[in-house]
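Me: Could we go through this model together? I have a few quick questions.
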Amino acid sequence: MAHKHEIKHGCGFHCIKMNNLGVTIGGDVILQDINLHVHCGSLTAVIGRNGAGKSTLLKCILGEIPHEGEIKFTDLKDGKTKKLKIGYVPQSLHIEKNSPISVYDLIAGYVTKFPVFLGKRKKVYDMVKEHLDVFQASDLIDKCVCDLSGGELQRVLLSLATMPVPNLLVLDEPAAGIDANGIKSFYDTLKLIKDKYDLAVILVSHDLEYVKEYADTVVLIDKTVLCQGTPEEVYESPEFNGVFGVNV
Amino acid sequence: MISEMLKYEFMKNAFLAVLVITPLFGLLGTVVVSKKMAFFSDALGHSALTGMGIGVLLGIADTDLSMALFGVAFALLLNFIKRKNVISNDTVISVFASLSTALGLVILSKGGNFSKYSGLLVGDILSISRKQVIIIAIVLAVTLIFWAVCFNSLHEISISESLAKSRGLNVKLYDNLFAILLALIVMLTIKWVGILIINALLIVPAAAARNLSSNEKEYHIFSVAIALFCGIMGLLLSYFINVAAGPMIVVFAAIIFFITLFVRPLLK
């Protein structure tokens, strides 16, 4: 049970190591001494109280804010360090109600050089549609992004984040805008990605029940790592009780 | 009647000018609106006063140069402060817009001479020369090339900066490139379009196009078409009822905007 992720999918030979990550903003220590190892084929959930630094940790991984420490991506087969490709799924997009952006525009704009204002290009259109199909979202391709529901938008953003397939998929409270029925199907989709592609997943989440069911590793943070391990190990730890009060 | 109008050389030039300036503004407006830069471009227009003032002060014969240089510096400074993220962005822009308007007025009104420059406020498209039209046509061509190369990047930034950054895009670079292009075009055309009107010409066609479009291609087609249509109609009407062309064009664009607002629910 303790090493669940090692027998998981993905090749398991890619390892992302975060050593001594720390963030100090204006003299305030937001994060310190964060050490994490993430393997491809595993889903790591970062949990913690509000203001514990979860989103800051993601920004740190995304390279949006300056930080101490290092993030290294190693191929264990040949021991070489490579450049880490990150796929990012933001919590939501702040797109106004009448924005003229179709799902095709959104994705094609990020993944191709062909200017999207010139319209659809058959080759790109087919490629995008085929990829959306993996997430049961191919029928959304001509819809306006601003008209999508929370769940539909997340599926589109997941498609985008996995085009091309990254080494690490980073999700910031991805289920925040989804209704109760949609959350389960969202986590099922995440599991599918993990099975289908050779990548590692890190997500920040408040859905403790789903984290327990779907995560391979759970990291409880409050400025630093309080406790990490399998969901069972973390959920039964005194640190978890200290933060969340009760056992879930 | 129109053929009679085009007999005049200045009307012919003004007509050609409208044919290049309005599509240029329709095109730029799409990104200005998507990136929520309406206030930014407004401030940029006002900064033309200071640009001209500096030119006059330094005794430069061609104030276009001082306006262009000041405009670019102003745009880059606004971007720089925006990135510092210390105070609210619209507050910063407002302060700088006020300052550059006031400073320009202070310099240009020295010795009670402002009336000499007041034409800059409303603009006069009828005074454009053939050579200047050709220059703007070249700028339009350059802008189209810029669009072909950089549009996707600007599109990425306008949707989500963090998403764009996570995919390795140099957000700052493209932000600045667009600001420079916008500053140069605003300063190049402001004499013909006018400080009070230039932002409307930039924003209104794109805003109207948004009401009609569901993707980027439609957005661009509608924005350019509406700008062009309003430009031609505005110029013709201004000739026949003898009013200033720039404001007439904007009145047309605003009417189209309200029509699209009512048509929108029928389309979606």
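Me: How many residues of chain B are in contact with chain A?
Reply: In this predicted model, 23 residues of chain B are in contact with 22 residues of chain A, where contact means that the C-beta atoms, placed from the backbone, lie within 7 Å. Residues are numbered from 1 along each chain as its sequence is written, and chains are lettered from A in the order in which they are written. Local features need pLDDT of at least 70 and side-chain atom pairs count only at pLDDT 80 or more, while totals for chains, interfaces and linings use all residues.

Me: New topic: what is the strand order of the open sheet in chain A?
Reply: Its 4 strands follow the order β2-β1-β4-β5 with antiparallel pairing, a pair requiring at least two DSSP bridges. Because β2 (28–39) and β5 (80–82) of chain A stand at the edges with a single partner strand each, one side of each has no neighbour in the sheet.

Me: And how many bridges join β4 to β5 there?
Reply: Strand β4 (residues 68–75) of chain A is joined to β5(A) by 3 bridges, and A:Asp75 has A:Lys80 in β5(A) as its bridge partner.

Me: How is chain A divided into domains?
Reply: Domain 1 covers 1–85 + 167–248 and domain 2 covers 92–163, with bounds from an automatic or database domain assignment. Their centres, taken over C-alpha atoms, are 27 Å apart.

Terms used:
Contact = placed C-beta atoms within 7 Å. Helix = DSSP H or I, 4+ residues; strand = E, 2+ residues; numbered from the N terminus.
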